[in-house]
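Here are my notes on this one, written as numbered points. Have the model open while you read, and look up each piece as it comes.

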Amino acid sequence: DYLYKEQYEYMLNLKRAIDDKGHVLLEMPTGTGKTVCLISLITSYQLQYPQTGKLIYCTRTVPEMSKCMEEIRRVIDYRVKILGPEGGKVLALCLSSRRNMCIHPKVLEEGDRDTVDSLCRNMTASWVRAKALGTAATTVAATTNPGSSTTADANSSNISLTNANSSSSSGGAGGFELCSFYENYSRDGTNAEVAQGVYSLDDLKDLGAERGWCPYFMTRHLIHHSTILVYNYQYMLDPKVSNLVSRELEAESIVVFDEAHNIDNVCIEALSVTLDRRILEMSVVADLVAGLAQQRMHGAASSIPSNPNNNSIAPANSSNSSSSNGSSSSGSNGHGFIQAAADGVLANPVLSADILEEAVPGNIRKAEHFVAFLKKIVQYLKTQLQGKDVVNKTPLAFLHDMHAITSLERKPLRFTYTRLNSLLRTLEITSLEDFNALQDVANFATLVATYMDGFAVITEPQGSVVTGICCLDASIAIKPVLERFQSVVITSGTLSPIELYPKLLNFQPVQRASLPMSTFRPCLLPLIVTRGSDQ
């Protein structure tokens, strides 16, 4: 109930920035209430001005996310106490990885993120569901009318779905195991409603267990209807994730990066790739891809459509994505969105504005040609690891040397990541962790062929020789966020020197403030001096 001077100044600077629809840098010492100040002012601003978009609160870790959700709950409870039920019309959600949100008993036994993602795809991918449900439908039709060859009608799809779900614990229909939580939400959740309120990760898991819904896909679907969204930095800054999750969020939203003293490092890491000998040796799974391609792809099936974004996630209904009133009712395209989210893999590693909207070059369109293309890339990178000296090249110089030895051109390299993901989907591969090394190689090739400025290709011995493309300019990754969203708040307890961050991130904040902590009594200022080696 008491407001400290620095808290008032903090919120005053924050409101001025939001009023000016600009960005703000705020520093206030740890423990002075930054989180509650941010949440109190921005949620009040949303209540006063309903046209304001979401509050998108980005944290670094899951514990910070949980702490933020508790602060949101405390603020909303106090607002309800003061304003009544009108003050509680908020839908606050947090989104994390499948590993942190899954409630399937089989998947819960695994702790590795890649293994969890793979197990999830094994039960939710469209081709797995089609085979399982098709087998169940055939069984039901044969049981109901053995002499009839007529396909089961629309009503029997519910029967086949039920049969497939009921058999999930014993291997599924025809040997295919489905996730009952995903199937239930796919069938019921898209037309259901979730009560407004504040939902932490545990709350979402409890709600999923109570209703038999998958918490992860439920949250992925509901974020377009939320008022407050809390998730990790990567969901906003890493193109591989943000192009899937954050692409449809309203431009009127207010984005907060809390504890952002290392935000420049996060931006650099989002656009950097490191390869070592182990990764390149594991990339021989290209042989496996070639074998699968020869077995499963014939004729026209061995090529892909000319649309380079063939494997992208279908956007949500625009009317849903523009909702900012906290409504949790589902749109008519919910089922398609959920299935697209289940089938989706990581998006293109380059920024949306830099993705080529062109046809895939003909020399990598066929599967066998693309596999040979990948092998050349891996073999060339292996030769780069044979040196013992540090080598620093610009991307242009690296591509020139690569072309001289392998004859690989720049343009096909820009499509490497997109083409690989398309091939993995065409081959209906769900165990993507087996292809992580190959995806890292494709990620490297795409980045080095896309960005000529602000990057360097560095090969150096670090115990074992490593090579990789390193982003040298943090502003590249954060630029789309600063250009797209109405207001971006960068705050931490240690943004000193605060004048450095506009230069690092290449933007001009409309407000900038470094606030001290108020003290009302004499304070001890301890000085700790360590002993030297000669003492």
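**Notes on the fold**

1. Start with the inventory: the chain has 25 helices and twelve strands. Helices (H or I, at least four residues) and strands (E, at least two) are DSSP runs, numbered from the N terminus. Keep in mind that this is a predicted model, where local features need pLDDT of at least 70 and side-chain atom pairs count only at pLDDT 80 or more, while totals for chains, interfaces and linings use all residues. Residues are numbered from 1 along each chain as its sequence is written, and side-chain values use heavy atoms, with hydrogens and water left out.

2. Now the whole chain. Of its 535 residues, 54% are buried (under 20% relative accessible area, with exposed over 50% and partly exposed in between, using a 1.4 Å probe and protein chains only). Take the contacts (heavy atoms within 4.5 Å) between residues at least 6 apart in sequence: 81% of them join residues at least 24 apart.

3. Next, the sheet. Strands of a sheet pair through backbone hydrogen bonds, either parallel or antiparallel. Here eight strands make an open sheet with parallel pairing, in the order β4-β3-β5-β2-β6-β11-β1-β12. At the edges sit β4 (197-198) and β12 (511-514), each pairing on one side only. Two strands count as paired if DSSP finds at least two bridges between them.

4. Zoom in on β1 (residues 24-27). V24 and L26 point one way and L25 and E27 the other, yet all are buried. Four bridges tie β1 to β11 in parallel, with E27 opposite S492. β1 also pairs with β12 in the parallel sense, over four bridges, and there L26 faces A513.

5. What joins β11 (residues 487-492) to β6 (residues 254-257)? Four bridges do, and the two strands run parallel. Look for F257, which stands opposite I490 of β11.

6. Finally, a helix pair. The axes of α20 (residues 395-406) and α23 (residues 436-450) come within 8 Å and cross at roughly 115 degrees. Axes are lines fitted to C-alpha atoms, for helices over the stretch in contact, and angles run from 0 to 180 degrees between N-to-C directions. That makes α20 roughly perpendicular to α23, a label for angles of 65 to 115 degrees. From α20 the contact uses P395, F398 and L399, and from α23 it uses F444, V448 and A449. By class, that is six nonpolar, no polar and no charged residues (Ala, Val, Leu, Ile, Met, Phe, Trp, Tyr, Cys and Pro count as nonpolar, Asp, Glu, Lys and Arg as charged, and the others, Gly among them, as polar).

Technical notes. Parallel < 35°, antiparallel > 145°, perpendicular 65-115°, else oblique.
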